[in-house]
Each structure stands twice: as structure tokens, then as C-alpha cells.
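Please look through the sequence and the model shown below before reading on. The report that follows takes up a few residues and helices in turn.

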Amino acid sequence: MTFKLFFQALTKFILGMLLLGCLLLLPAGTIDFWQAWLFLGILFVPMFIAGIVLMIRQPELLRKRLDAKEQQQEQKRVVALSGLMFVAVFVVAGLNRRFGWYILPDWAVYVATVVFLAAYAMYAEVMRENVWLSRTVEVQENQQVVSTGLYGIVRHPMYAATLLLFLSMPLVLASPWSFVIMLIYIPIIALRIRNEEQVLERELKGYTEYKQRVRYKVIPFIW
């Protein structure tokens, strides 16, 4: 663990929390938005704990996760679209709270919270299984195909986890309109997977054979 890595991770954590809080609470026009505080809690508390664990046990993986600079032009477009989508989702959730367009019932918020936390646990398991996991599309030195655990069920369990995470987010915020916007993530992730698999087939030895063994990308028996 280095001070530089610690400072980088802590800075991004604090800035992310402040930015997300502003995107939710400023459009809401109030801090009396309990769903937003719930969401911030279930997002950032596990993130903080996971960051500490990675910093102690797998600092190199944490460094990779903090490096979000895509080299592929297609992936840069995907990242930009994703950023715009998330801003729209959170701002609309705040506006939904302010104007009361349609607030989901509390039981729906609680169910979505359980789904979100389960998806978070799945994401953590994917990070445990794949030490080459990166936020950018690339093949790293000495990288090997991971085909056990969740990777034996679908080829992209990380995207399966993020799909559950992202689709449950607007429901935790009690905003069905934000959920509709978040559906844009499905074609976005499809574009990313298509480009990622092209890179992996071209540069990662054994990936073509792995694709033949594990047929489904994200959802077993469906996709």
C-alpha cells in the first residue's frame, strides 16, 4: 500500500460522494429525501469497506479499478453515454422527489435495496475470482482466461452484476422515470461487450475456446 494510492482512492471516493449527493439533493430542493440517503449509504459504505480490503490485500487490482482511461475509441463513446445516462437518472430522481410525479411505495424501495446489495456481493465475488479485472478494455501481461466460478456460468459476470446494480438504483430512489432512463444501459452494455469480446478473441489466448464452452454472455439461457 502506498500513500499515493491511498490519496487517489480517498479523493475519488469523497468527490464521488459529494457529486452524487448534489445530483440527487439539489434537484430535489430538500435534504428530506430519505431514499437518497439510503441509496448513498448502501452505495458508499460497502464501497469504502471494499476499498480498504483491496488496498490491504490487492493494491494492484485497486489501482486498475481507479484507472478509467479507455484507449479504444468505441469504449470512450460508451463511457460518455454512460455518464450522461447516470446524470439524467439521478437528476430526474431528485426532480421526482420535488414535484411528486410518482413515488414508488416503501416496500418497492426495500425490495430494490435487497437486490442492490445482493448485486454488490456478486460484484465483490467477481473481483475476487478475476485478478485481471479492469475498468478499461485491455489484455494485460500474463493474463489468462478465467473460466471457474461465476465465469463458468456466463462470460461477463461483472456486467451481470452491474446490470442488477444499475437497474435497482432508480427503484431504491423511488423513481420509475429514472428506471426508464436506466434501461438505456442495456444497449450501452451490449456495445461494450461486443467490442470487448473482439479484443479478447484477438489478443487473449484461449478466449475463443472459452466462448464455445460458455455460451451465454450475461444472463444464463437468455443472453
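Predicted model: local features only at pLDDT ≥ 70, side-chain atom pairs only at ≥ 80, totals over all residues.

Alanine 174 belongs to the loop between helix 6 and helix 7 (176-182), and its phi is near 65°, which is a positive value in a residue other than glycine.

Phenylalanine 221 also has a positive phi, of about 70°, although this residue is not a glycine. Phenylalanine 221 is found in the segment that comes after helix 9 (207-213). Is phenylalanine 221 buried or exposed? With a relative accessible area of 72%, phenylalanine 221 is exposed.

## The chain as a whole

The chain contains nine helices and zero strands, so that reading along the sequence gives the pattern α-α-α-α-α-α-α-α-α. Of its 223 residues, 44% count as buried.

## Two pairs of packed helices

Two packed helices are described by the angle between their axes and by the distance between the axes. The table gives these values for two pairs.

| Pair of helices | Angle between axes | Distance between axes |
|---|---|---|
| Helix 1 (residues 3-28) and helix 2 (residues 34-57) | about 170° | 11 Å |
| Helix 5 (residues 106-129) and helix 6 | about 155° | 8 Å |

The angle given for helix 1 and helix 2 makes these helices roughly antiparallel to each other. In their contact, residues of helix 1 including Leu5, Phe6, Phe13 and Leu24 meet residues of helix 2 including Trp37, Phe39, Leu40 and Met55. The residues of this contact between helix 1 and helix 2 divide into 17 nonpolar, two polar and no charged.

Helix 5 and helix 6 are likewise roughly antiparallel to each other, and their crossing is left-handed. How do the residues in the contact of helix 5 with helix 6 divide into nonpolar, polar and charged, and what are the counts? The contact holds 18 nonpolar residues, three polar ones and no charged ones. On the side of helix 5 the residues that take part include Ala112, Phe116 and Tyr120, and on the side of helix 6 they include Leu165, Ser168 and Met169.

## Methionine 169

Methionine 169 is found in helix 6 (residues 157-172), and at 6% relative accessibility this residue counts as buried. When residues up to four places away in sequence are not counted, methionine 169 touches Phe39, Phe86, Phe90, Phe116 and Met182. The C-alpha atoms of methionine 169 and alanine 112 are separated by 7.5 Å, while the two residues are 57 residues apart along the chain.

## Helix 8

Why does the span of helix 8 (residues 185-203) agree with what its residues should give? At 1.5 Å a residue, the 19 residues of helix 8 should span 27 Å, and because the end C-alpha atoms are 26 Å apart, the two values agree. Several residues of helix 8 are buried, among them Tyr185, Ile188, Ile189, Arg192, Glu196 and Leu200.

Definitions and conventions. Residues numbered from 1 in each chain as written. Heavy atoms only, no water. Helix = DSSP H or I, 4+ residues; strand = E, 2+ residues; numbered from the N terminus. Buried < 20%, exposed > 50% of the residue type's maximum accessible area, 1.4 Å probe, protein only. Contact = heavy atoms within 4.5 Å. Axes fitted to C-alpha atoms, helices over the stretch in contact; angles between N-to-C directions. Parallel < 35°, antiparallel > 145°, perpendicular 65-115°, else oblique. Left-handed = near helix turned anticlockwise from the far one by under 90°. Nonpolar A, V, L, I, M, F, W, Y, C, P; charged D, E, K, R; others polar. Expected span 1.5 Å × (residues − 1).
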